[in-house]
Amino acid sequence: MTEQPQVAEKTAQPPRDVLLSCDDVSLSFGNVRALVDVSLTLRPGEITALVGDNGAGKSTLVRCVSGIHRPDRGTITFDGARTDFHSPEDAREAGIETVHQNLALVEDLTVWQNLFLNREIVRRLGPVGLLDRRAMQSRAREMVATLAVNVPAVGSRVRRLSGGQRQAVAICRAAGFSSKLVIMDEPTAALGVQETARVEELVFRLRDEGHAVLIISHNFAQVIRLSQQVWVMRAGRCVGGRRTAETTGEEIVGLVTGAIGS
Amino acid sequence: MTNTTTLRASGGPNWSHRLKDAGFWAEWAALVGLLVLVIVFQALNPTFLSPGNIASMLVAAAILVILAVGQTFVIATAGIDLSIASVMTLGAVVFGQMYQAGLGLGVASLMAVVSAGAAGAVNGVIVARGKITDFIVTLGMLSAASGLALILSDGKPVTVIDPLLLRLSTTGIGIFGWSFVIAIVVAVVAHVVLFHTRFGTHLLATGGSPESATAMGISTARIKIAVYLISGLLAGLGAILLVGRIGAAEPAANTAFLLNSVAAVVLGGVSLFGGRGTIVGPFFGALLLIALVNGLTLLGVSQFYQPLAVGIVVVLAALLMRFQK
């Protein structure tokens, strides 16, 4: 039962062309068809952006990938295996971590307690398991040091952190524990200019460490800055995908609004 | 006491860091208040700190400490156990009936704890699975448990004179009566559970942010059930000490124990909104309340003034903590 998380693997398996692929994924809530035959792929080691208007189905798709929803039809293949997630825990075990829009941090707990929430390192003393606080604190320091520069002591409570620092903690948590794919739902929506820049740096560093990143964003300039691949959703459908290098902000806006047909 | 403080110090970050934390002061406010009371009462009446009076205060504090620990677990999850005192009454009555039926001290004690634990578990299941507010569920249990106690006892007290139970409530190590020693053990174990186990962390996460805890895969329903179960079991332990102290199992209301258990937790700086709490705080909070009542009695203040004084102290403490933030 001892939960000894491993360091994020930098030398993953031989590069595959596709890390995640959604094939004809559909999901309805009652009469609302939230997703209609959505097909898209994610390459390993890349930042992929998912854009679209409010209600286009981005979050619903992400929730399918991260195990919160189960698609009615279609398949999701991750790292070469067909997935059948029944809970976010299943997705996490497979190596898919999600940074939720509300960050899912507990304000009254410390940074290290949040990093290890529900994955605490435990020392067995007979029948009882006692927290190995020292080990978690030093591991937390490592996790923070490799990724985020602006996070204060891991012993401080999250309540005292700024919005950007909280985002950094949530991203560190997602990046640790040998995740292969980190999903971020509008990571900079509530941040100022400087903090946004810091989080974007963090996203690049995540990619350089070997994580694939799927980012939902409303900010087209940011999408162009960060991503290598863009997928556009409209009214529950995936209406197009472009290599970021080969497209422009205008073209993406056109796809989002429907001015440009797919 | 030393045990709890050293554990706390070794586990936390360095002291200069802690001194800046408002929570640190809230945690120790009860101890500071206790020291002030002790100095004032000792100045007004020198018998206050006589070994005999200290010993009797500690014995009087034992049950309240145990209940405050149970209450702390519940309040740390942003709940409240209003039934804690009547569940203790139920446990005491079950004890009395079992003892009267000649089943012996062991079985009677076990059944007291089991019945009180069952009442706590019912609270927990209804709160967690039925998704009904803690306040309403435990208010219902307050009435139900008292009623059950009246039915089981037919409204009559049962005299319990057991040599072992008598020793428990009258002897001890030095000035520490056995019942107080038990309370210390409960507090130390509770501290370890809260700060040195996964369960404790998940409990604080559940109280602090249920959505985040759920998102990280923690079953907040199971945590809720567990804290009410713990609260019930501790009420059962309190019941045994209560019977030993009174020498009888009475279907009395014990309302003061309910109010004082919540008061001790508030004095101890535990947030009623959950997510933040200590065991040391409520421990000293309970001692403070007992010292207050004892000191007023020594000074010859009428009993009628004591609840008033307790109320004023609790509200003042809550106000002080509010301003600290």
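These notebook entries record what I looked up in a predicted model.

**Conventions.** I worked from a predicted model, in which local features need pLDDT of at least 70 and side-chain atom pairs count only at pLDDT 80 or more, while totals for chains, interfaces and linings use all residues. Residues are numbered from 1 along each chain as its sequence is written, chains are lettered from A and ligands numbered from 1 in the order in which they are written, and side-chain values use heavy atoms, with hydrogens and water left out.

**Helix pair in chain A.** I looked up helix H5 (residues 163-175) and helix H6 (residues 193-208) of chain A, which pack at an angle of about 10° with their axes 9 Å apart. Helices (H or I, at least four residues) and strands (E, at least two) are DSSP runs, numbered from the N terminus; axes are lines fitted to C-alpha atoms, for helices over the stretch in contact, and angles run from 0 to 180 degrees between N-to-C directions. H5(A) and H6(A) are therefore roughly parallel to each other, given that angles under 35 degrees count as such, over 145 as roughly antiparallel, 65 to 115 as roughly perpendicular and the rest as oblique. On the H5(A) side I noted Gly163(A), Gly164(A), Gln165(A), Gln167(A), Ala168(A), Ile171(A) and Ala175(A), and on the H6(A) side Glu195(A), Val199(A), Leu202(A) and Leu206(A), where contact means heavy atoms within 4.5 Å. By class, the residues of this contact are six nonpolar, four polar and one charged; Ala, Val, Leu, Ile, Met, Phe, Trp, Tyr, Cys and Pro count as nonpolar, Asp, Glu, Lys and Arg as charged, and the others, Gly among them, as polar.

**Cavities.** A cavity here is a set of points on a 1 Å grid over the protein atoms alone where a 1.4 Å probe fits but cannot get out, and lining residues have an atom within 4 Å of a point; grid points are joined across faces, edges and corners, and a volume is the space filled by probe spheres set on the points. The largest cavity is lined by 16 residues, and Arg92(A), Glu97(A), Thr98(A), His100(A) and Met216(B) lie nearest its centre. E6(A) gives the most to this lining, with four residues, and the lining as a whole divides into 10 nonpolar, three polar and three charged residues.

**Positive phi.** I then checked backbone angles, knowing that most residues other than glycine have a negative phi. Glu186(A) has a positive phi near 45° and is found in the loop between strand E9 (181-185) and H6 of chain A, where Glu186(A) is buried at a relative accessible area of 18%. Buried means under 20% relative accessible area, exposed over 50%, and partly exposed in between (1.4 Å probe, protein chains only). Asp154(B), with a positive phi of about 55°, sits in the loop between helix H7 (134-153) and strand E1 (158-159) of chain B and counts as exposed at 55% relative accessibility.

**Two serines.** Which residues does Ser26(A) touch, not counting residues up to four places away in sequence? I listed Leu35(A), Val36(A), Asp37(A), Pro71(A), Asp72(A) and Arg73(A); Ser26(A) belongs to strand E1 (residues 20-29) of chain A and is buried at 5% relative accessibility. Ser179(B), in helix H9 (residues 178-196) of chain B, is buried with a relative accessible area of 6%.

How values were computed. 1 Å grid on protein atoms, 1.4 Å probe; cavity = no way out; pocket = protein on both sides within 12 Å on 5 of 7 lines; lining within 4 Å.
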